[in-house]
Amino acid sequence: MCGIIGYVGQKQAETILVDGLKRLEYRGYDSAGITILEDGNLCTVKCVGKVNELAQKVRNDFPHSGTIGIGHTRWATHGNVSEKNAHPHFSDGGNFAIVHNGIIENYLHIKAFLTEKQYHFYSETDSEVLANLIDYHHKKEPFLSFSVILQKSLLHVEGTYGIAAIGKMFPDEIVVARKSSPLLIGLGDGENIIASDVSAVARYTKRVVYLNDGEIASVRPDNFSVTTSYEGTVNTVCHELDWEIRDTELGDYTHYMQKEIFEQPISIENAMRGRFTEDGSSTKFGGLPLSPQEVHAIERLLFCACGTAYHACLVGKYLIEKYARIPVDVEYASEFRYRNAPLQSNTLVFVVSQSGETIDTLAALEEARRKGYPVMGITNTVGSTIARATDGGIYQHAGLEVGVASTKAFTSQLTILSMLALFFARGRDMDDFAGQQYVHALKSLPGTINETLKLDAQIRSIAEQYCNYERFLFLGRQAMYPIAMEGALKLKEITYVHGEAFPTAEMKHGPIALISDQSVCIFIATQRELAEKTMSNIQEVKARGAKVIAIVNDESPIWESSCDEIIRIAGGCHPGINPIISVIPLQLFAYHMAVLRNCDVDRPRNLAKSVTVE
Ligand code: G6P
């Protein structure tokens, strides 16, 4: 949700902090701030709005050359969006500054305790108590090291945190700690950078140490150490990042979402790379530790995810049940974590999360493991919390996704789930020939997506005609139903227009009451076997005045007679890849609608790329 950055080294910290915040902005973007320690003073600039406004303010008022500092970009939870509530926050008296992600659940209790000790508070946030707790422990035991002070402070805290702190008495040290909110240390030469997300450090170093829950780190220019309260000093593992800096740059595109839509042929190719068996009839996944006997013994699969990843799992359910004949349940992670679902033995659980940090998905993972089920992950983020907490899994390799509305991460999840359907099918109930056809279809996918992207201009002109409508219904059957859900979600997320999805034939059981000449119905009619049924449903809404946009994949003239707009995608595609192609026009449609309505495509209101609070 929020983004944290901190720098300690030889360079001017403000430039690195502001640059880091720009790269973290997709995580949260209602206000931002930085604090630099210089000549014994904590110098701060904060502002409401985007990081560019902060950058401007820093250029105007902040000619500081300090080489240590922290910064934050906020997505408000406690306290409205204001400069006062923006981070960094300070201890009363101003000796310590902190930035915090997460929620301090018992902050009122801590606040009452500290108020009794004569501490004053200046913001409405839960985070401010952390700064005063640090000050309290420092005053109580002034000889303690900074990391022990932080450790003692956190003993009072219930909730979640990624925290970074600097203090006037510790001129070359940042202390950080994490519990359920990501933090990492980027290792440089004579400098170190702490951040909540690798995108903030990728331009400075490729060597990264991820903190685990319960760990506290002391970070100085030339070294760092990690401790826990129960183990003392911890041995850390350094990971090499596989990102290029160009992944974080916009290049010739106007928006990250647009860039990421057009990167899909590559991201899908990357999801498949090295994952076909030599005989060309199946897939293999190095990170999935399942023997043929174990694949055979699986009685049920359970997928847990949130948002777009949940829609990908629903598509996966249709494909896995169709081809591998394994029953699949898909649950919202936020529901699963609290509902004590009855699971049968021999259930294999998958959690799917592009960021690998979504707190509900992480909690679902922990719940399933607590009950003794093996849990695999599908994630785009190497080294993320979910990647490290699962028993095995599959990386998406889609590259960094910056646009808050997920596009390439979604289609790479769909690709992996389709490959997983083939993997399970070939281990159970699919012959060699059918396997080869499936592989052939998957290999053709990047080329087909490339062709589909050529519809961009047509889809823009359709969006121009419909951009002032306020009610959109998305209709699809079977695997196209979750694709319709994804189309509706994309539209909602970035245009704020109401879009809702239904299974096409359910329309007449209620939603048809919504239909008027002010409605636009988008039918995903890309299953030939259901074309006639869909045509009847189209007639039903046409008769009630709705505008109809149909996404079809055949040349039949029947569509022309009843639809206002027809978007033709590649025909004759294997059902295992059809949903992946069908979603592309919906992504483009939402994108152009948002641009035409002057919406902030990459930073839609109220949303955050990764939701690390409940
Ligand atoms: C947030 C984002 C969604 C995303 C969901 C799950 O709500 O705004 O775009 O689908 O989190 O994210 P994950 O990283 O777990 O896939």
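Select D602 first. D602 sits in the segment after α19 (578-596). Helices (H or I, at least four residues) and strands (E, at least two) are DSSP runs, numbered from the N terminus.

This is a predicted model: local features need pLDDT of at least 70, side-chain atom pairs count only at pLDDT 80 or more, and totals for chains, interfaces and linings use all residues. Residues are numbered from 1 along each chain as its sequence is written, and side-chain values use heavy atoms, with hydrogens and water left out.

D602 is buried (under 20% relative accessible area, 1.4 Å probe, protein chains only). D602 has no salt bridge (a side-chain nitrogen of Lys or Arg within 4 Å of a carboxyl oxygen of Asp or Glu). R603 is the nearest side chain of opposite charge, 5.6 Å away. Here Lys and Arg count as positive, Asp and Glu as negative; His and the chain ends are not counted.

Next, select Y256. Its backbone nitrogen lies 2.6 Å from a polar atom of the D602 side chain.

Now show the surroundings. Leaving aside neighbours within four places in sequence, D602 is in contact (heavy atoms within 4.5 Å) with H255, Y256, M257, G403 and V404.

Zoom out to the whole protein. It has 19 helices and 25 strands. The radius of gyration, taken over C-alpha atoms, is 26 Å, close to the 25 Å that the globule rule gives for 614 residues, so the protein is as compact as a globular protein of that length. That rule is 2.2 Å times the number of residues to the power 0.38. Buried residues make up 62% of the 614.

Methods: Buried means under 20% relative accessible area, exposed over 50%, partly exposed in between (1.4 Å probe, protein chains only). A polar contact is a pair of N or O atoms within 3.5 Å; within protein, one must be able to donate a hydrogen and the other to accept it, and residues adjacent in sequence count only if both atoms are side-chain atoms.
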